[in-house]
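Please keep the sequence and the model in view while reading.

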Amino acid sequence: MADGQIATPARKAIRLADYTPPVFLVDDVSLDFNLAPEVTQVTAVLKIRRKVAGPLELDGRQLALLSVKLNGEILGDNRYTLSPGKLIIPDVPDEFTLETVVNIVPAQNTELSGLYMSGAGFFTQCEPEGFRKITYFPDRPDVMSRYSVTLHADPAKYPVLLSNGNKVAQGEEDGKIWARFVDPHPKPAYLFALVAADLVAVKDELTTMSGKKVELGIYVQSGEESRCGHAMAAVKSAMKWDEERFGLEYDLDVFNIAAVSDFNAGAMENKGLNIFNTAYVLASPETATDGDFQGVERVIAHEYFHNWTGDRVTCRDWFQLSLKEGLTVFRDQEYMSDQFSAAVKRIADVRMLRTTQFRDDAGPLAHPVRPASYLEINNFYTTTIYEKGAEVVRMYRTLIGHEAFRKGFDAYIANNDNSAATVEDFLAAMQSTSGIDLSQIMTWYEQAGTPEISFEEHYDARTRRFTLTLRQHTKPTPGQLEKQPFLIPVAMGLLNPTGEEGMADLLILDKAEKTFTFINIPAPPVPSLFRNFSAPVKLLGQSRERLAFLAAHDTDMFNRWDALQRYATLCLLDAIADYQANKPFVLDTALKNAIANILANAAQDPAFAAEAIFLPGESLLADEMSVVDPDAIHAVRNAARAALGTALRPAFSNAIREFGNCAPHDLSGYAMGCRAVKNAAIGYLAAAGDNEYAIAQFAANANMTDTLAALAILVETPDTNRDNALNEFYGRWNTNPLVLDKWFAVQARAGTPDTLARVQYLTKHADFDLKNPNRVRALIGAFAGNQARFHEKSGAGYALLADTIIALDSKNPQIAARLCTVLGSWRRFDTQRQDLMRATLERILAVESLSHNSYEMASKALA
């Protein structure tokens, strides 16, 4: 009757202020799929009831509508209207059954949103708005329905059929197999999922705290079963942890994971049927690094935890996205802290936040944790929503304490179970159980930007009083020139002059300026502020002497690490200024001695030692400069590594011997820490010109962690050792897509002058596939993060990125748009690079058919 592939609607911002409740609710959904790659027929039967006055408007994209029935009556096309993205039926009763039949073409769905093909199998991704590419529906998270799903497929090609909920029936009919699934819990359409493919299952079971047995399944391609053990153990560990920590028990008879190699994100928490990128399921010591193993465990836990914080309690609208994502990131951070070193986990989380989210907050792409508007919601799956949102949840706990936080969390779940909530609902639960007015915390949801904290201190020896004045200031961000004070918890301690802990306290900075007075302080103290990173802020004004003291004496492990990082940053920034003035590099003695001391005591906590001896990254150094000089940053950081490698050669050599004896397949936190220290030491010696350890380690091929670390070191020197190692690695692993991604990425991240040319060559490599998001991220994403080589003054790196974005945008606009973000910091570079990056953004925006996704990100970056 009509083809749903209508011209793209005009770009119009969606605004939080314009939210209205749904006109209709859908209580029950019955879906029937006749699956075939070229034409899949979808029959949807919806039981609908009116909530407020208005016509019935259903969302739909790329759907060929075959028929519409209202209470069994076929509607002629004079009874409804098809407009871009909508099926509108103006005259409907208050309660009715609607049946639609549509055809869709999964084989042509390169966006990987909705129902699509990966290899020879069917998979879905419906968050945030993919369900409208499957059938006509009010595709918004506050419409929650109970689903019954029937799948029909060719048994020879698609012997495994999966969907949400419990399987209640199956059989064979007309040469096809079929299976029916019922999910008893209401859910929004974005949590719908199906899989039909030739997969094998790794099975297990778990008994919940109430004694119920849950069948667990991980579905992968044949031959991949041996790499699922870690993922299955992570599922069981996460389920038990959620019971013990939050009292949350799994609520279905089955929990399934299906792994797919073509996936835009890491994983998706569809109720009872999580769909995962293979990168976060498949792991063995031969093919996965220690970081990969931790990534698998973290993402498995994150998606499982969504069963309650996301599925049972979902978000009212997409502006509330951080309600489920920030809260669940906080939960997965807590889980990983319990599995490994809490201090090291905190360090890793904060390093990532500072590297990515702080940079976004300082540029044209800055947005609040709850954005006020968007053009394309896919663009707001950002570190601000996820990681900064998690920091806001953590501040709740810091402000009211662990016990009150748990009571508030329980109240939030109980009050909003099987419903769609807002951040105000979370606030109300925390306030009701703590009795504390937390309303000012909403500023974190409403204002973008990173608060900068300055301080003044005074000690009066006569009265033994110490006063500390804190000031907060947040720079203007797009659309927000004036900022209100944030509610900032300041976890702090006072150290006496010999480094001993004098006292610890929690200060509340809720004004632009606030003074705190401490009495009975016997000597001038040294404040340790924002312990364990108690708020996502920047602390300004600490001297080198203060930082050196804290790095040596602070009892808070995060602040001890942070002080050394800040000290190293000041040293490197001074060296960059010297480099720009054509002065030679001089290694700071105190920095050298601090790293030597860490190496001497590394056995106490190898994982912490590995983090502590890591110099601040090039992007973090860039964020501290008013005008970014990628060449100077790269040269100075390399010089510092070389000088440290030379000055501390005996200490690094000893570390290699001391920490090189862990069993290669030992996945304990201690063993991972040992490998991290050893590989860092090998890297420092290689920077000083000694590649022998790296060459030997690559040849040993003991595990992927050590092999890849050695390869990453060898690619920094353009010689036959590099070329031989790359060829050998490719020959060994070219049939393993996930390991081959590492081969692409390690070359894209190399700091050598020929990196750009190599990346240009690799875009034409037979194994580079623009349609596979993992491969695009591995090569183009990694190269865009290579500050020195991406920002080469010729602008060729920018041109390569634009070529990729333009070619990719028509195929997969989500991935194309995410690649635009690296250009958002163009104003912070020199005039030549500014002009080149601005021209690159203008070139992207000049594409007539540019998607909403890429248009929004490129136009905001240029604004």
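1. Basis of the note. The model is predicted, so local features require pLDDT of at least 70 and side-chain atom pairs pLDDT 80 or more, while totals for chains, interfaces and linings use all residues. Residues are numbered from 1 along each chain as its sequence is written, and side-chain values use heavy atoms, with hydrogens and water left out.

2. Three strands form an open sheet in the order 29-28-31, with antiparallel pairing. Strand 29 (501-509) and strand 31 (526-529) each have a single partner strand and stand at the edges, so one side of each lacks a neighbour in the sheet. Neighbouring strands are turned by 25° against each other on average, direction ignored. Strands here are DSSP runs of E with at least two residues, helices are runs of H or I with at least four, and both are numbered from the N terminus; two strands pair if DSSP finds at least two bridges between them.

3. Pairing of strand 28. Strand 28 (residues 488-495) pairs with strand 31 over 4 bridges in the antiparallel sense. Within this pairing, leucine 495 has valine 526 as its bridge partner, and methionine 492 stands opposite leucine 529. Strand 28 is also joined to strand 29, by 8 antiparallel bridges, with glycine 493 opposite alanine 504. Strands 28 and 29 form a hairpin with 5 residues between them, and glycine 499 in the turn has a positive phi of about 95°.

4. The cores. The largest nonpolar core has 118 residues, and Val281, Tyr396, Leu470 and Ile488 have the most contacts inside it. Helix 5 (residues 384-400) supplies the largest share of this core, 9 residues. A second, separate core of 114 residues includes Val636, Cys820, Leu823 and Ile844. Such a core is a set of buried Ala, Val, Leu, Ile, Met, Phe, Trp, Tyr and Cys residues joined through side-chain atoms within 4.5 Å.

5. Surroundings of leucine 470. Beyond its neighbours within four places in sequence, leucine 470 is in contact (heavy atoms within 4.5 Å) with residues including Val490, Leu507 and Leu529.

6. Cysteines. The structure holds 0 disulfides, a disulfide being a pair of cysteine sulfur atoms within 2.5 Å. For cysteine 662, the nearest cysteine sulfur is that of cysteine 674, 3.4 Å away. Cysteine 662 is partly exposed, at 23% relative accessibility, whereas cysteine 228 is buried at 0%.

7. Helix 2. The 16 residues of helix 2 (residues 290-305) should span 22 Å, and the end C-alpha atoms are 23 Å apart, which agrees. The expected span is 1.5 Å times one less than the number of residues. Helix 2 is mostly covered, with 12 of its 16 residues buried; among them are Phe293, Val296, Ile300 and Tyr304.

How values were computed: Axes are lines fitted to C-alpha atoms, for helices over the stretch in contact, and angles run from 0 to 180 degrees between N-to-C directions. Buried means under 20% relative accessible area, exposed over 50%, partly exposed in between (1.4 Å probe, protein chains only).
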